[in-house]
Amino acid sequence: MTIRIGPYRLTSQAVLAPMAGVTDRPFRVLCRRLGAGLAASEMLTCDTQLWHTPKSRRRLDHAGEPEPRVVQLAGSEPLVLAEAARMSVERGAQIIDLNMGCPAKKVCGKLCGSALLRDEALVARILAAVVQAVAVPVTLKIRTGWDHDRRNGVQIARIAEHCGIQALAVHGRTRADFYQGEAEYQTIREIKNTVRIPVFANGDIRTPADARKVIDFTGADGVMIGRASFGQPWIFRAIDSFLKTRADEPLSGAEVRDIIIAHLDSLYGFYGEETGVRIARKHIGWYCERCLPDPEPVRADLMSATSTASQLAGVSRYFDAWVGRESGKPVLGKSARVESGAGIAQENARSGGVAGHDTGAVRAA
Ligand SMILES: Cc1cc2nc3c(=O)[nH]c(=O)nc-3n(C[C@H](O)[C@H](O)[C@H](O)COP(=O)(O)O)c2cc1C
């Protein structure tokens, strides 16, 4: 099936979830190249006065990114969000995504993200203002509700469709759940039964078989993949081919090594020497956990590299050896630990987090 969002037809039913501290331009481009149908930016504050900071400037950088370029905005004031959306479009955004899914209490001192779900009237004002402000499609990311007693995802979806939102991504947890327990898909199924706009099911989808099951159960048009992409961006290719043909097309070890090296190279180009080494540590840790049989000693060694050259040389050495040993074995998701909250938080602590905000986002998003 083909998903359409405004003038865009997606080439895959599997899309990358927006993740602060992870879905920077290099990771988005990589995931798109490996089969993701869409890849939204990390959330950007709607306070345009902060857009000159190095972090926001990087988040606004879409050079060379495949179309459609999706910018996710976070905020709570309709007119401020509308203005931020207009300015994002001026700078190249082709789809505006609004964040009502993040459980962090405040962004820029104001309640936002999934906290907005408690105030349906405000949600409607925000959506209407942003849709009216821009000529490009506006999409929305939500949770299933505030808590188990106020699971109003279906009502929010109705409001969204009424206001002209063109696609909806639903994380199958309430705001109160944070990341605890398992995602539930019943509410997503009810949402899909209620609205006619494309719906992406999100939450705990870790394998191509999970994607199939969730789509079959919910009737969703597509799946949104977050943490399962850590250290295995090729999961999009795997899901896409499984959904299209039920075929499993594992990558060879050599292909995986080449993807990792190219990813590091693009991180260094994007962030420069010092920040590039730091940001790359997190991804290297995830690649080690996904691929290597005994990741800890390798990771510990690689974390000590302080220059891009030595980091890249170390990764090449270990992954060349791994290719030699493992050649022919299929690669997809050796380790589930990467997806646990603890695993992510530890990764950020080790790598020093990303640009201040992001360690918080890892715990709280
Ligand atoms: C590190 C991290 C950062 C996140 N940042 C954002 C964000 O900026 N905007 C957003 O809407 N959701 C954010 N999320 C939530 C994800 O988009 C997604 O809804 C959630 O991880 C559940 O999907 P998953 O089980 O496939 O990971 C973040 C999640 C993580 C783990």
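Colleague: Which residue in β10 is the bridge partner of R143?

Modeller: Please bear in mind that the model is predicted. Strand β9, residues 138-145, pairs with β10 in the parallel sense over 6 bridges. Within β10, the residue bridged to R143 is H171.

Colleague: Which strands stand at the edges of the open sheet?

Modeller: The sheet has 8 strands with parallel pairing, in the order β3-β12-β11-β10-β9-β6-β5-β4. Each edge strand has a single partner, so one side of it is left without a neighbour in the sheet. The edge strands are β3 (14-16) and β4 (44-45).

Colleague: At about what angle does helix α4 run to β6?

Modeller: Helix α4 comprises residues 120-133 and lies across both β6 (95-100) and β9. Its angle to β6 is about 165°.

Colleague: Is D204, with its positive phi, buried, exposed or partly exposed?

Modeller: D204 is not a glycine, yet its phi is about 65°. The residue lies in the loop between β11 (199-202) and α7 (208-218). A buried residue would need 20 or more other C-beta atoms within 10 Å, and an exposed one 12 or fewer. Because D204 has 19 within 10 Å, its class is partly exposed.

Colleague: What is the phi of F178?

Modeller: F178 belongs to the loop between β10 (167-174) and α6 (186-194). F178 is a residue other than glycine, and its phi is positive, near 45°.

Conventions. Residues are numbered from 1 along each chain as its sequence is written. This is a predicted model: local features need pLDDT of at least 70, side-chain atom pairs count only at pLDDT 80 or more; totals for chains, interfaces and linings use all residues. Helices (H or I, at least four residues) and strands (E, at least two) are DSSP runs, numbered from the N terminus. Two strands pair if DSSP finds at least two bridges between them. Two residues are in contact if their C-beta atoms, placed from the backbone, lie within 7 Å. Axes are lines fitted to C-alpha atoms, for helices over the stretch in contact, and angles run from 0 to 180 degrees between N-to-C directions.
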